[in-house]
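Okay, thanks for coming, everyone. Let me put the structure up, and then I'll walk you through a few places where its parts touch.

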Amino acid sequence: MSANSGKIALRGVTKVFAAGNGHGAVEALGPVDIDIAGGEFFSVVGPSGCGKSTLLDIIAGLSSPTTGEADFDGKPLAGGVPEGVGAVFQQDASFFWLNVWDNVAFGLRRKGVDAAEIRRRVSYALSFMGLTEFASAYPAQLSGGMRQRVCIARTFVLKPRLLLLDEPFGALDQQTRLVMGDELLRVWREIGATVILITHSLEEAAMLSDRVAVMSARPGRFIDFVVTRWPRSRDSRIIADERFGGITARLWGSLREESLKSLGNIGGAAMLDEPR
Amino acid sequence: MIPRRLDPILLMVAVLALWQGLELIAGPEVVASPAVTIVHAIALVQKSGFWQDAAETGLAFALASVISIAGGLLLGLWLGLHRFAGDVADPILGSLYSIPKITLYPLILLIFGLGMSAKVAFGVIHGVLPIAIFSMNAVRGVPPIHLKTARMLRMSKLSIAITILAPAALPEIVAGIRVGVALTLLGTLIGELFAATTGIGFALIRATDVHDVADILALTLMLFLFAASINSLLHFGERRMRHER
């Protein structure tokens, strides 16, 4: 692997949010140690509020770790988003004042890519994402799934080495999620980027990833890793694979107690464990 | 289903019917009928005196609008970009806005005297606050996800302001200008009603003094048409900017 392959290395990374407005200091994350290989599809599942998004912010360079080291392709992530990192979030980030074409071209224009190249890449991205006939539509005229597709296309055209996804399909219905999962796998194979996906959905993590990390309740630490060994050419039909159920069951096995902890319901957990 | 395009026409028919009904109940010495009013309005616009008054009011309104918009935008955008200042100013602007401005009229008269500057000032105190409040909220209401997207694209502050903040806030700012300009017109006219020697507001008071019902209603009709066209124009622009179906 070359030096610029989209590798991530975290060593003893923690994040503590300073005390303020009636609360004490909050230990949000860590310590976390992880190596993510270039081109890997890596997912993180964990209970609500466990620090998954904080972890993603640190890897994106949007936030600095309180202690520890975070490297992207061997260079420390320090103050600022590095070149070659793209992100898609749960919230609709499409710009309502731009049509689909201009939304997708937005990042390329800001980076001063020349017009012919922009035209070529946007037109390819639109056809790749099935958006060509909506090129002149505005986001208000599109469904939530289509708008999220626009956001993926907007990142896709930038050809990032590292693609960060924070619950990108969280606001979509189950069937749309499966279809979008397939599209995400195609995008991943096409651009060859490292993908880090944060999700609440164990099925989504199990279906899409090469490796799934399970996080503990806050402060989030990795408590289990599950390697899926799916072929690179997979799609959503692997949910019918006999190993699929085993993977999701293992994820839930690791996650169940942490989810109950994060709900502040440890007593209730003990009660549920009692045989009838 | 009746097509929505017919809505304004239906509304106009309803208003005319109500107006005619009012004339029948209250009598022609209180309310002139729509037909009489329209005939009178047509006669009125052929007189040069009307146009002198209209020019006077138009000038005061235009000046007051320009000052309201410029001042409101400057104040509102600055407060929108500075979170702490905005938090402090928000309740203050709100309470100032809720003051019945008419109570400030004696003060305005003492400061500016009778005439153009008092009318403009009275228009401005009506219009500037809603424009400031809307603009502030427009900037503060830009979804944080857009700013996060901008950071991911490593954009400069200036580039963010021009390519994200401005277009995202614009429809709401135009909505503020629409409300502010309507209130500026109200303020300007009130100024003319109470203490002026020229203008449409003054003409209205003069007509009231001599109990010229047709004159009163003709002037009111024309003011209504003027205000409604400005409002529709800005509303149209605002809807275009939101790109909704």
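Before we start, one term: when I say two residues are in contact, I mean that they have heavy atoms within 4.5 Å. And please keep in mind that this is a predicted model.

Let's begin inside chain B, with helix α8(B), residues 157–194, and helix α9(B), residues 200–209. Which residues of α8(B) meet α9(B)? They are L189(B), E192(B) and L193(B). On the α9(B) side, the partners are I200(B), G201(B), F202(B), L204(B) and I205(B). Sorted by class, the residues of this contact come out as 6 nonpolar, 1 polar and 1 charged.

Now the geometry. For α8(B) and α9(B), the angle is about 45 degrees and the axes are 7 Å apart. The two helices are therefore oblique to each other, and the crossing of α8(B) and α9(B) is right-handed.

There's another helix pair in chain B to look at: α5(B), residues 105–112, against α6(B), residues 116–140. Here the angle is about 140 degrees, with the axes 9 Å apart. Roughly antiparallel starts over 145, so α5(B) counts as oblique to α6(B). The crossing of α5(B) and α6(B) is right-handed. From α5(B), the contact uses Y105(B), I108(B), L109(B) and F112(B); from α6(B), it uses S117(B), A118(B), A121(B), F122(B) and I125(B). That contact has 8 nonpolar residues, 1 polar and no charged ones.

Okay, on to the interface between the chains. How many residues does each chain bring to the contact? Chain A brings 26 and chain B brings 20. Together the two chains bury about 2100 Å², with 67% of that on carbon and sulfur atoms. If you're looking at the chain A side, find L62(A), F96(A) and W97(A): they supply 28% of the area that chain A buries against chain B, more than any other three residues.

Last, the charges. Over all chains, the structure holds 21 salt bridges, and 2 salt bridges run between chain A and chain B. In one salt bridge, R154(B) pairs with E83(A), and the closest N and O atoms are 3.1 Å apart. D57(A) and K148(B) form a salt bridge too, at 3.4 Å from N to O. D57(A) lies in helix α1 of chain A and K148(B) in helix α7 of chain B, so this pair joins two chains.

That's my tour; over to you.

Definitions and conventions: Residues are numbered from 1 along each chain as its sequence is written. Chains are lettered from A and ligands numbered from 1 in the order in which they are written. This is a predicted model: local features need pLDDT of at least 70, side-chain atom pairs count only at pLDDT 80 or more; totals for chains, interfaces and linings use all residues. Side-chain values use heavy atoms; hydrogens and water are left out. Axes are lines fitted to C-alpha atoms, for helices over the stretch in contact, and angles run from 0 to 180 degrees between N-to-C directions. Helices (H or I, at least four residues) and strands (E, at least two) are DSSP runs, numbered from the N terminus. Angles under 35 degrees count as roughly parallel, over 145 as roughly antiparallel, 65 to 115 as roughly perpendicular and the rest as oblique. A crossing is left-handed if the near helix is turned anticlockwise from the far one by less than a right angle, and right-handed if clockwise. Ala, Val, Leu, Ile, Met, Phe, Trp, Tyr, Cys and Pro count as nonpolar, Asp, Glu, Lys and Arg as charged, and the others, Gly among them, as polar. Buried area is the accessible area (1.4 Å probe) that two parts lose on being put together, summed over both. A salt bridge is a side-chain nitrogen of Lys or Arg within 4 Å of a carboxyl oxygen of Asp or Glu.
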